[in-house]
Amino acid sequence: MPDDSLAEGVVARDEIAALAELFDRFEFALDPLSREADEAESQFNDQIENLFESRVKPALPEHSPVSLPVFRRHVCHLCREFLRKNRP
Amino acid sequence: MKSCLSFEEVLAVGEPRLAEMQHVGDIFADGESAEACAAFTQQVRNVEAAVLHSYAIAATVARKADSLEEVAEVWKKMSTFCHSALAILARLKDKYPHCGTTELYDRVLDYKLACDKRYQGALEEKQCLTIALPRGLLPEMR
């Protein structure tokens, strides 16, 4: 099934699809203590931070309440929705 | 026949394992005897299997959940299950020091922390969604 449930944004839908794959590998890991889950979480966090610093922060209005942790939680939420619709 | 089980019912399947471990743990006066350790080691294996299996089901249920409230509820219940196992193990790990008890205690504690992290994450996610992102920052779900 094509992953066509997202419209484009400052963060592209392909990037969300890739982040959702990582999110799936740690948030819903059957063994939360596995090395794979640990590595996926670390990659996910690195990519979120990179996205935030390089593209999101510059696009935010002055005094925006959107911090890195807030952005991260929004992405997590989008990943949940993405997985529910595309990887049931 | 098509049947569905709630996550509560799944956890209920594992609860007798905890009760049995407590029962067997209390039977022996000397936890370091060979007979006692053999019996308790079997209980340790059973409870480990129940925790790991229940956690895997919790992750599967949380993945399919329709709301963050449902996600939080699943992890809270799984954390409570781990807490119940830890309470029994904490009481028995000194009595049965050579039967895998300490190792299981540490492992269940790690699983409980994983549940708590996901529970807390769901609550934080819900809270963060009250802060709107500027439109167009993230792709919208169609």
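**Stop 1: an aromatic cluster**

Select A:Phe23, A:Phe26, A:Phe28 and A:Phe44, which form one aromatic cluster. Rings of Phe, Tyr and Trp (its six-membered ring) count as a pair if their centres lie within 6.5 Å; planes under 30 degrees apart are stacked, over 60 edge-to-face, and the rest tilted. By this rule there are 8 aromatic pairs over all chains. Now keep A:Phe23 and A:Phe28: the ring centres are 5.7 Å apart and the planes stand at 90°, so this pair is edge-to-face. Both A:Phe23 and A:Phe28 are buried. Buried means under 20% relative accessible area, exposed means over 50%, and partly exposed lies in between (1.4 Å probe, protein chains only).

Before moving on, note the ground rules. This is a predicted model, where local features need pLDDT of at least 70 and side-chain atom pairs count only at pLDDT 80 or more, while totals for chains, interfaces and linings use all residues. Residues are numbered from 1 along each chain as its sequence is written, chains are lettered from A and ligands numbered from 1 in the order in which they are written, and side-chain values use heavy atoms, leaving out hydrogens and water.

**Stop 2: chain A**

Show chain A as a cartoon. Chain A has 3 helices and 0 strands. Its pattern along the sequence is α-α-α. Helices (H or I, at least four residues) and strands (E, at least two) are DSSP runs, numbered from the N terminus. Of the 88 residues in chain A, 44% are buried. Now look at contacts, meaning heavy atoms within 4.5 Å. Among contacts in chain A between residues at least 6 apart in sequence, 63% join residues at least 24 apart.

**Stop 3: the interface**

The interface of chain A and chain B holds 4 salt bridges. A salt bridge is a side-chain nitrogen of Lys or Arg within 4 Å of a carboxyl oxygen of Asp or Glu. Select A:Asp24 and B:Arg63: they form a salt bridge, with the closest N and O atoms 2.8 Å apart. Between chain A and chain B, 14 residue pairs are in polar contact, both residues at pLDDT 80 or more. A polar contact is a pair of N or O atoms within 3.5 Å; within protein, one must be able to donate a hydrogen and the other to accept it, and residues adjacent in sequence count only if both atoms are side-chain atoms.

**Stop 4: B:Glu125**

Centre on B:Glu125 in helix α4 of chain B. Is this residue buried or exposed? B:Glu125 is at 0% relative accessibility, so it counts as buried. Leaving out residues up to four places away in sequence, B:Glu125 touches A:Arg73, A:Cys76, A:His77, A:Arg80 and B:Leu68.

**Stop 5: salt bridges within chain B**

The whole structure has 15 salt bridges over all chains. Select B:Arg91 and B:Asp26, whose side chains meet in one at 3.3 Å, N to O. This pair links distant parts of the chain: B:Arg91 is in helix α3 (residues 68-92) and B:Asp26 in helix α1 (residues 7-27) of chain B, 65 residues apart. B:Arg91 is partly exposed at 45% relative accessible area. B:Asp26, at 41%, is partly exposed too.

Go to B:Lys126 and B:Glu69, a salt bridge of 3.0 Å, N to O. B:Lys126 sits in helix α4 (residues 101-128) and B:Glu69 in helix α3 of chain B, 57 residues apart.

Finish at B:Glu140 and B:Arg135, another salt bridge of 3.0 Å, N to O. B:Glu140 is partly exposed at 37% relative accessibility, whereas B:Arg135 is exposed at 74%.
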